[in-house]
Amino acid sequence: MTRYTAKRLPVHRGPAAWAAILGEDTPGLALSENTTADFVVVGGGFAGLSAARRLTQLQPNARIVVLEAGEIAQGAAGRNSGFMIDLPHDLSSDDYAGSGDDRTLIALNRQAQTFGQAAVDEYGIEPSFFDRAGKVNGAASDLAHSHNVSYAKHLESLGEPSNLLDRAQMAELTGSTHYQSGLYTPGTVMLQPAGYIRGLAHGLRRAGVQIFENSAVTGFIKQGQTWQITTDRGFGVSTPRVILTTNGHLESFGIERGRLMQLFLFATMTPELDADALAKLGGQPRWGVTPSDPMGTTMRRIDRGQGGNRVITRTCAELIPGMSPSQAGLDRAKRVMQRKFDTRFPQLAGLQMQYAWAGHLCLSLNGVAVMREIDNGVYSGCVQNGLGTARGTLTGIGAADLACGHESDISRHFSREARPKPLPPQPFAKLGANAVLRWKEWRARDE
(Lines give C-alpha, C1' and ligand atoms only; values in the text may rest on other atoms or scores of the structure.)
Protein backbone atom coordinates (compact mmCIF):
# COMPACT_ATOMS: atom_id res chain seq x y z
CA MET A 1 0.00 0.00 0.00
CA THR A 2 1.43 3.39 -0.96
CA ARG A 3 -1.24 5.79 0.30
CA TYR A 4 -2.69 6.19 3.80
CA THR A 5 -5.51 8.65 4.46
CA ALA A 6 -6.87 9.53 7.88
CA LYS A 7 -10.61 8.89 8.08
CA ARG A 8 -10.91 10.83 11.33
CA LEU A 9 -8.87 13.08 13.60
CA PRO A 10 -8.73 13.03 17.42
CA VAL A 11 -11.80 14.31 19.26
CA HIS A 12 -11.57 15.10 22.98
CA ARG A 13 -14.38 15.61 25.47
CA GLY A 14 -13.71 17.83 28.45
CA PRO A 15 -10.46 19.59 29.36
CA ALA A 16 -7.07 17.94 29.84
CA ALA A 17 -7.07 18.72 33.54
CA TRP A 18 -3.49 17.69 34.24
CA ALA A 19 -2.35 20.40 31.84
CA ALA A 20 -4.95 22.93 32.98
CA ILE A 21 -3.79 22.87 36.61
CA LEU A 22 -0.23 23.70 35.54
CA GLY A 23 -1.32 26.83 33.70
CA GLU A 24 -0.59 27.88 30.14
CA ASP A 25 2.51 26.51 28.47
CA THR A 26 4.63 28.34 25.92
CA PRO A 27 2.68 27.94 22.66
CA GLY A 28 4.25 25.59 20.15
CA LEU A 29 4.59 26.48 16.49
CA ALA A 30 2.37 24.91 13.85
CA LEU A 31 3.79 23.63 10.58
CA SER A 32 3.77 26.68 8.30
CA GLU A 33 5.80 25.59 5.28
CA ASN A 34 6.75 22.48 3.36
CA THR A 35 9.89 20.87 4.71
CA THR A 36 11.98 17.70 4.78
CA ALA A 37 13.22 15.44 7.56
CA ASP A 38 15.14 12.23 8.12
CA PHE A 39 12.38 10.98 10.43
CA VAL A 40 8.81 12.15 11.01
CA VAL A 41 7.04 11.07 14.19
CA VAL A 42 3.24 11.35 14.02
CA GLY A 43 1.87 11.98 17.51
CA GLY A 44 3.33 13.93 20.43
CA GLY A 45 2.33 11.82 23.44
CA PHE A 46 4.28 9.31 25.52
CA ALA A 47 5.08 7.08 22.54
CA GLY A 48 5.84 9.88 20.09
CA LEU A 49 8.14 11.91 22.31
CA SER A 50 9.86 8.76 23.56
CA ALA A 51 10.45 7.77 19.93
CA ALA A 52 11.89 11.21 19.20
CA ARG A 53 14.20 11.04 22.18
CA ARG A 54 15.36 7.56 21.22
CA LEU A 55 16.11 8.81 17.69
CA THR A 56 18.32 11.56 19.13
CA GLN A 57 20.27 8.86 20.96
CA LEU A 58 20.67 6.58 17.95
CA GLN A 59 21.17 9.22 15.24
CA PRO A 60 22.12 12.49 16.94
CA ASN A 61 22.69 14.34 13.67
CA ALA A 62 19.34 13.38 12.10
CA ARG A 63 16.66 15.94 11.39
CA ILE A 64 13.62 14.85 13.40
CA VAL A 65 10.14 16.31 13.07
CA VAL A 66 7.21 15.55 15.40
CA LEU A 67 3.70 16.39 14.18
CA GLU A 68 1.05 16.68 16.90
CA ALA A 69 -2.62 17.08 15.98
CA GLY A 70 -3.39 19.28 18.99
CA GLU A 71 -1.27 20.86 21.68
CA ILE A 72 1.33 19.00 23.71
CA ALA A 73 -0.28 17.34 26.78
CA GLN A 74 -3.81 18.24 25.69
CA GLY A 75 -4.53 14.80 24.22
CA ALA A 76 -4.38 11.38 25.85
CA ALA A 77 -1.06 12.25 27.53
CA GLY A 78 -2.87 14.81 29.70
CA ARG A 79 -5.96 12.65 30.30
CA ASN A 80 -4.68 9.50 32.00
CA SER A 81 -4.35 8.76 35.71
CA GLY A 82 -0.57 9.11 35.76
CA PHE A 83 0.57 5.67 36.94
CA MET A 84 3.74 4.31 35.29
CA ILE A 85 3.49 0.74 36.59
CA ASP A 86 6.34 -1.74 36.59
CA LEU A 87 4.47 -4.89 37.66
CA PRO A 88 2.03 -7.07 35.67
CA HIS A 89 -1.17 -5.11 35.18
CA ASP A 90 -3.50 -7.17 32.98
CA LEU A 91 -6.80 -5.28 32.83
CA SER A 92 -8.70 -8.35 31.60
CA SER A 93 -7.83 -10.43 34.68
CA ASP A 94 -9.42 -10.44 38.13
CA ASP A 95 -6.26 -9.46 40.00
CA TYR A 96 -3.94 -8.01 37.29
CA ALA A 97 -1.69 -11.09 37.38
CA GLY A 98 -2.33 -12.11 33.78
CA SER A 99 -0.79 -15.15 32.17
CA GLY A 100 2.21 -13.85 30.23
CA ASP A 101 5.95 -13.87 30.88
CA ASP A 102 5.77 -11.59 33.88
CA ARG A 103 9.48 -11.31 34.53
CA THR A 104 10.05 -10.16 30.95
CA LEU A 105 7.24 -7.60 31.22
CA ILE A 106 8.55 -6.29 34.53
CA ALA A 107 12.03 -5.88 33.08
CA LEU A 108 10.63 -4.02 30.07
CA ASN A 109 8.42 -1.76 32.20
CA ARG A 110 11.42 -0.88 34.33
CA GLN A 111 13.33 0.02 31.18
CA ALA A 112 10.53 2.49 30.44
CA GLN A 113 10.86 3.94 33.94
CA THR A 114 14.65 4.20 33.61
CA PHE A 115 14.22 5.93 30.24
CA GLY A 116 11.77 8.39 31.81
CA GLN A 117 13.99 9.07 34.82
CA ALA A 118 16.95 9.73 32.54
CA ALA A 119 14.86 12.22 30.57
CA VAL A 120 13.87 13.97 33.81
CA ASP A 121 17.53 14.26 34.79
CA GLU A 122 18.80 15.23 31.34
CA TYR A 123 16.11 17.80 30.52
CA GLY A 124 15.71 19.28 34.00
CA ILE A 125 12.07 18.22 34.35
CA GLU A 126 10.53 18.99 37.75
CA PRO A 127 11.31 15.87 39.87
CA SER A 128 7.88 15.85 41.52
CA PHE A 129 6.37 15.21 38.09
CA PHE A 130 8.12 11.79 38.17
CA ASP A 131 7.60 10.57 41.73
CA ARG A 132 8.76 7.02 42.55
CA ALA A 133 6.21 6.72 45.35
CA GLY A 134 4.67 3.34 44.60
CA LYS A 135 0.92 2.69 44.62
CA VAL A 136 -1.77 0.75 46.47
CA ASN A 137 -4.39 -1.69 45.20
CA GLY A 138 -7.44 -0.74 47.26
CA ALA A 139 -10.09 -3.31 48.27
CA ALA A 140 -13.53 -2.43 49.64
CA SER A 141 -15.03 -5.95 49.77
CA ASP A 142 -14.08 -9.47 50.81
CA LEU A 143 -13.81 -10.50 47.15
CA ALA A 144 -11.52 -7.60 46.30
CA HIS A 145 -9.43 -8.34 49.40
CA SER A 146 -9.05 -11.92 48.13
CA HIS A 147 -7.75 -10.45 44.85
CA ASN A 148 -5.13 -8.56 46.84
CA VAL A 149 -4.09 -11.70 48.69
CA SER A 150 -3.90 -13.65 45.42
CA TYR A 151 -1.87 -10.93 43.72
CA ALA A 152 0.49 -10.68 46.71
CA LYS A 153 1.18 -14.43 46.44
CA HIS A 154 1.81 -14.06 42.72
CA LEU A 155 4.26 -11.23 43.34
CA GLU A 156 6.00 -13.26 46.04
CA SER A 157 6.51 -16.09 43.53
CA LEU A 158 8.24 -13.54 41.28
CA GLY A 159 10.43 -12.27 44.11
CA GLU A 160 8.67 -8.90 44.08
CA PRO A 161 7.98 -7.09 47.38
CA SER A 162 4.54 -5.95 48.50
CA ASN A 163 2.89 -5.00 51.76
CA LEU A 164 -0.71 -5.68 52.80
CA LEU A 165 -2.33 -2.70 54.55
CA ASP A 166 -5.29 -3.09 56.89
CA ARG A 167 -8.33 -0.83 57.17
CA ALA A 168 -6.69 1.51 59.69
CA GLN A 169 -3.57 1.89 57.57
CA MET A 170 -5.65 2.63 54.48
CA ALA A 171 -7.57 5.30 56.41
CA GLU A 172 -4.31 6.82 57.64
CA LEU A 173 -3.05 6.96 54.05
CA THR A 174 -6.18 8.17 52.24
CA GLY A 175 -8.40 9.78 54.87
CA SER A 176 -11.14 7.31 53.86
CA THR A 177 -12.64 4.44 55.84
CA HIS A 178 -14.06 2.98 52.62
CA TYR A 179 -11.24 0.49 52.07
CA GLN A 180 -11.03 -2.85 53.84
CA SER A 181 -7.43 -3.41 52.80
CA GLY A 182 -4.74 -2.33 50.40
CA LEU A 183 -1.72 -3.90 48.74
CA TYR A 184 1.23 -1.51 48.51
CA THR A 185 3.85 -2.10 45.83
CA PRO A 186 6.88 0.23 45.74
CA GLY A 187 7.81 0.28 42.06
CA THR A 188 5.16 2.49 40.45
CA VAL A 189 6.07 6.01 39.34
CA MET A 190 3.36 8.55 40.13
CA LEU A 191 3.44 11.04 37.27
CA GLN A 192 2.12 14.49 36.74
CA PRO A 193 1.64 13.30 33.17
CA ALA A 194 1.17 16.68 31.53
CA GLY A 195 4.14 18.12 33.39
CA TYR A 196 6.35 15.23 32.35
CA ILE A 197 5.25 15.39 28.71
CA ARG A 198 5.68 19.17 28.54
CA GLY A 199 9.16 18.81 30.03
CA LEU A 200 10.02 16.10 27.53
CA ALA A 201 8.89 18.33 24.66
CA HIS A 202 10.89 21.31 25.93
CA GLY A 203 14.00 19.16 26.31
CA LEU A 204 13.64 17.69 22.83
CA ARG A 205 13.25 21.13 21.30
CA ARG A 206 16.45 22.25 22.99
CA ALA A 207 18.10 19.13 21.54
CA GLY A 208 17.10 20.21 18.02
CA VAL A 209 13.91 18.21 17.46
CA GLN A 210 11.23 20.20 15.63
CA ILE A 211 7.85 19.71 17.28
CA PHE A 212 4.89 21.19 15.44
CA GLU A 213 1.59 21.48 17.29
CA ASN A 214 -1.92 21.90 15.87
CA SER A 215 -0.62 20.14 12.76
CA ALA A 216 -2.80 17.06 12.27
CA VAL A 217 -1.58 14.53 9.71
CA THR A 218 -4.32 13.85 7.18
CA GLY A 219 -2.39 11.29 5.14
CA PHE A 220 0.88 10.22 3.56
CA ILE A 221 1.77 8.79 0.17
CA LYS A 222 4.87 7.09 -1.22
CA GLN A 223 6.64 9.01 -3.98
CA GLY A 224 9.85 7.33 -5.09
CA GLN A 225 11.98 6.69 -2.02
CA THR A 226 10.18 9.14 0.25
CA TRP A 227 6.85 9.56 1.97
CA GLN A 228 4.99 12.81 1.42
CA ILE A 229 3.09 13.66 4.57
CA THR A 230 0.18 16.11 4.41
CA THR A 231 -1.41 18.02 7.28
CA ASP A 232 -4.68 19.82 7.81
CA ARG A 233 -2.79 23.10 7.50
CA GLY A 234 -2.01 22.48 3.84
CA PHE A 235 1.73 22.04 4.42
CA GLY A 236 3.68 18.81 4.43
CA VAL A 237 6.92 17.01 5.18
CA SER A 238 8.95 14.77 2.89
CA THR A 239 10.77 11.93 4.67
CA PRO A 240 12.10 8.42 4.03
CA ARG A 241 10.88 7.16 7.44
CA VAL A 242 7.58 7.67 9.24
CA ILE A 243 6.91 6.58 12.82
CA LEU A 244 3.22 6.39 13.75
CA THR A 245 2.62 6.85 17.49
CA THR A 246 -1.10 7.53 17.42
CA ASN A 247 -2.28 4.60 19.59
CA GLY A 248 -5.86 3.77 18.55
CA HIS A 249 -5.86 6.34 15.77
CA LEU A 250 -3.64 3.91 13.91
CA GLU A 251 -6.97 2.51 12.72
CA SER A 252 -7.90 5.92 11.32
CA PHE A 253 -5.23 5.40 8.67
CA GLY A 254 -6.75 2.05 7.67
CA ILE A 255 -4.20 0.00 9.62
CA GLU A 256 -5.49 -2.96 11.66
CA ARG A 257 -9.05 -1.86 10.99
CA GLY A 258 -11.60 -4.06 12.76
CA ARG A 259 -8.96 -5.34 15.18
CA LEU A 260 -8.64 -2.53 17.73
CA MET A 261 -10.92 -1.77 20.68
CA GLN A 262 -11.36 1.96 21.19
CA LEU A 263 -12.11 2.38 24.88
CA PHE A 264 -12.70 5.53 26.90
CA LEU A 265 -12.34 6.01 30.63
CA PHE A 266 -13.68 9.07 32.40
CA ALA A 267 -12.26 11.12 35.23
CA THR A 268 -12.97 14.07 37.49
CA MET A 269 -10.76 16.36 39.55
CA THR A 270 -11.67 18.52 42.52
CA PRO A 271 -10.87 22.21 42.78
CA GLU A 272 -7.83 22.98 44.89
CA LEU A 273 -8.73 22.07 48.47
CA ASP A 274 -8.48 24.84 51.03
CA ALA A 275 -7.17 24.44 54.57
CA ASP A 276 -10.60 23.56 55.97
CA ALA A 277 -11.21 20.86 53.36
CA LEU A 278 -7.72 19.43 53.86
CA ALA A 279 -8.30 19.24 57.62
CA LYS A 280 -11.56 17.39 57.05
CA LEU A 281 -10.01 15.07 54.50
CA GLY A 282 -7.00 13.97 56.53
CA GLY A 283 -4.67 11.33 55.15
CA GLN A 284 -1.35 11.82 53.40
CA PRO A 285 -0.76 14.61 50.84
CA ARG A 286 0.18 12.39 47.89
CA TRP A 287 -1.00 8.85 47.14
CA GLY A 288 -2.48 6.68 44.41
CA VAL A 289 -4.99 3.84 44.70
CA THR A 290 -5.87 1.54 41.83
CA PRO A 291 -8.84 -0.79 42.39
CA SER A 292 -8.19 -4.44 43.25
CA ASP A 293 -10.92 -5.23 40.72
CA PRO A 294 -9.77 -3.74 37.37
CA MET A 295 -13.31 -2.48 36.73
CA GLY A 296 -13.32 -0.47 39.95
CA THR A 297 -12.32 3.13 40.62
CA THR A 298 -8.87 4.69 40.57
CA MET A 299 -8.24 7.48 43.07
CA ARG A 300 -5.31 9.86 43.43
CA ARG A 301 -4.46 12.68 45.75
CA ILE A 302 -1.86 15.20 44.67
CA ASP A 303 -0.27 18.21 46.34
CA ARG A 304 1.14 21.53 45.20
CA GLY A 305 4.21 19.91 43.75
CA GLN A 306 1.99 18.29 41.12
CA GLY A 307 -0.54 21.06 40.57
CA GLY A 308 -2.41 21.75 43.81
CA ASN A 309 -4.07 19.84 46.64
CA ARG A 310 -6.67 17.87 44.69
CA VAL A 311 -8.34 14.47 44.44
CA ILE A 312 -8.78 12.68 41.12
CA THR A 313 -11.43 10.00 40.50
CA ARG A 314 -11.32 7.76 37.43
CA THR A 315 -13.80 5.07 36.39
CA CYS A 316 -16.59 4.18 33.89
CA ALA A 317 -15.46 2.47 30.69
CA GLU A 318 -17.21 2.77 27.32
CA LEU A 319 -16.33 1.22 23.98
CA ILE A 320 -16.63 3.90 21.27
CA PRO A 321 -15.47 2.61 17.85
CA GLY A 322 -15.77 6.08 16.28
CA MET A 323 -13.42 7.52 18.93
CA SER A 324 -15.77 10.45 19.63
CA PRO A 325 -17.14 10.40 23.19
CA SER A 326 -20.48 12.10 23.74
CA GLN A 327 -21.36 14.81 26.22
CA ALA A 328 -24.14 12.56 27.52
CA GLY A 329 -21.61 9.82 28.21
CA LEU A 330 -19.38 12.25 30.06
CA ASP A 331 -22.32 13.60 32.07
CA ARG A 332 -23.34 10.07 33.11
CA ALA A 333 -19.79 9.22 34.17
CA LYS A 334 -19.51 12.48 36.09
CA ARG A 335 -22.61 11.59 38.13
CA VAL A 336 -21.22 8.12 38.89
CA MET A 337 -17.87 9.54 39.96
CA GLN A 338 -19.52 12.15 42.19
CA ARG A 339 -21.29 9.33 44.04
CA LYS A 340 -18.05 7.38 44.33
CA PHE A 341 -16.19 10.40 45.67
CA ASP A 342 -18.97 11.14 48.18
CA THR A 343 -18.97 7.50 49.34
CA ARG A 344 -15.24 7.49 49.94
CA PHE A 345 -15.06 10.93 51.49
CA PRO A 346 -18.36 11.67 53.26
CA GLN A 347 -16.58 14.47 55.13
CA LEU A 348 -16.38 16.28 51.75
CA ALA A 349 -19.63 14.95 50.24
CA GLY A 350 -21.21 17.33 47.75
CA LEU A 351 -17.94 19.01 46.80
CA GLN A 352 -18.39 19.82 43.12
CA MET A 353 -15.68 18.77 40.73
CA GLN A 354 -13.78 21.43 38.81
CA TYR A 355 -12.87 19.22 35.85
CA ALA A 356 -14.40 16.23 34.10
CA TRP A 357 -12.99 14.58 30.98
CA ALA A 358 -12.77 11.50 28.78
CA GLY A 359 -9.50 9.72 28.06
CA HIS A 360 -8.87 7.41 25.10
CA LEU A 361 -7.36 3.94 25.45
CA CYS A 362 -6.77 1.33 22.77
CA LEU A 363 -6.74 -2.40 23.44
CA SER A 364 -6.51 -5.59 21.41
CA LEU A 365 -8.38 -8.79 22.21
CA ASN A 366 -5.15 -10.72 22.67
CA GLY A 367 -3.37 -7.92 24.54
CA VAL A 368 -0.72 -7.26 21.89
CA ALA A 369 0.72 -3.97 20.71
CA VAL A 370 1.27 -3.00 17.07
CA MET A 371 5.00 -2.27 17.08
CA ARG A 372 6.42 -3.27 13.73
CA GLU A 373 7.22 -2.05 10.23
CA ILE A 374 3.84 -1.44 8.57
CA ASP A 375 5.16 -0.59 5.13
CA ASN A 376 8.56 0.13 3.63
CA GLY A 377 9.81 2.97 5.81
CA VAL A 378 6.62 3.19 7.92
CA TYR A 379 6.82 2.04 11.54
CA SER A 380 4.18 1.77 14.24
CA GLY A 381 4.51 2.21 18.01
CA CYS A 382 0.81 1.87 18.83
CA VAL A 383 -1.87 -0.01 20.80
CA GLN A 384 -0.94 0.33 24.45
CA ASN A 385 -3.67 -1.81 26.04
CA GLY A 386 -4.55 0.69 28.75
CA LEU A 387 -0.94 1.04 29.95
CA GLY A 388 -0.09 4.18 28.03
CA THR A 389 2.65 5.70 30.17
CA ALA A 390 4.86 2.58 30.33
CA ARG A 391 3.70 0.72 27.21
CA GLY A 392 3.63 3.91 25.17
CA THR A 393 7.17 4.72 26.21
CA LEU A 394 8.26 1.21 25.25
CA THR A 395 6.52 1.06 21.88
CA GLY A 396 7.88 4.50 21.01
CA ILE A 397 11.42 3.38 21.82
CA GLY A 398 10.91 0.13 19.92
CA ALA A 399 9.56 1.85 16.82
CA ALA A 400 12.56 4.19 16.80
CA ASP A 401 14.89 1.21 17.15
CA LEU A 402 13.25 -0.46 14.15
CA ALA A 403 13.42 2.72 12.08
CA CYS A 404 17.16 2.93 12.76
CA GLY A 405 17.83 -0.76 12.15
CA HIS A 406 18.82 -1.17 15.81
CA GLU A 407 17.92 -4.38 17.62
CA SER A 408 17.07 -4.23 21.33
CA ASP A 409 15.20 -6.20 23.98
CA ILE A 410 12.27 -3.88 23.40
CA SER A 411 12.16 -4.18 19.61
CA ARG A 412 12.63 -7.96 19.77
CA HIS A 413 9.83 -8.43 22.30
CA PHE A 414 7.17 -6.45 20.48
CA SER A 415 8.22 -7.59 17.01
CA ARG A 416 7.55 -11.19 18.05
CA GLU A 417 3.95 -10.48 19.07
CA ALA A 418 1.08 -11.72 16.92
CA ARG A 419 -1.31 -9.37 15.12
CA PRO A 420 -4.36 -8.17 17.04
CA LYS A 421 -7.24 -10.63 16.74
CA PRO A 422 -10.23 -9.57 14.63
CA LEU A 423 -13.19 -8.15 16.53
CA PRO A 424 -16.79 -9.26 16.04
CA PRO A 425 -18.63 -7.17 13.43
CA GLN A 426 -20.32 -3.91 14.39
CA PRO A 427 -22.72 -3.04 15.90
CA PHE A 428 -22.57 -6.34 17.81
CA ALA A 429 -19.08 -5.70 19.15
CA LYS A 430 -20.02 -2.31 20.57
CA LEU A 431 -23.36 -3.40 22.02
CA GLY A 432 -21.97 -6.60 23.50
CA ALA A 433 -18.83 -5.03 24.89
CA ASN A 434 -20.64 -2.12 26.52
CA ALA A 435 -23.19 -4.48 28.06
CA VAL A 436 -20.36 -6.51 29.58
CA LEU A 437 -18.56 -3.34 30.74
CA ARG A 438 -21.71 -2.02 32.45
CA TRP A 439 -22.25 -5.37 34.16
CA LYS A 440 -18.63 -5.49 35.37
CA GLU A 441 -18.88 -1.87 36.45
CA TRP A 442 -22.02 -2.69 38.47
CA ARG A 443 -20.36 -5.76 40.01
CA ALA A 444 -17.38 -3.64 41.05
CA ARG A 445 -19.55 -0.69 42.13
CA ASP A 446 -18.04 -0.54 45.63
CA GLU A 447 -14.46 -0.88 44.43
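Two strands count as paired if DSSP finds at least two bridges between them. Keep that in mind for the sheet. One caution before we start: this is a predicted model.

Let's take one pair. Strand β15, residues 242-244, and strand β22, residues 378-382, run parallel and share three bridges. Look at L244: its bridge partner in β22 is S380.

Now the whole sheet. How many strands does the open sheet have? Six, in the order β11-β4-β3-β15-β22-β21. The pairing is mixed. What stands at the edges? β11, residues 210-212, and β21, residues 370-375. Each has a single partner strand, so one side of each has no neighbour in the sheet. From one strand to the next, the twist averages 20°. As a reminder, strands of a sheet pair through backbone hydrogen bonds, parallel or antiparallel.

Next, the helix on this sheet. Helix α2, residues 46-58, lies across β3, β4, β11, β15 and β22. Here β3 is 39-42 and β4 is 64-67. Against β4, helix α2 runs at about 175°.

How many disulfides does the structure hold? Take C362. The nearest cysteine sulfur belongs to C382, 8.1 Å away. A disulfide needs the two sulfurs within 2.5 Å, and C362 is in none. Is C362 buried or exposed? Buried, with a relative accessible area of 1%. Then C404. Its closest cysteine sulfur is also in C382. That distance is 17 Å, too far for a bond.

Technical notes
Residues numbered from 1 in each chain as written. Predicted model: local features only at pLDDT ≥ 70, side-chain atom pairs only at ≥ 80, totals over all residues. Heavy atoms only, no water. Helix = DSSP H or I, 4+ residues; strand = E, 2+ residues; numbered from the N terminus. Axes fitted to C-alpha atoms, helices over the stretch in contact; angles between N-to-C directions. Contact = heavy atoms within 4.5 Å. Buried < 20%, exposed > 50% of the residue type's maximum accessible area, 1.4 Å probe, protein only.
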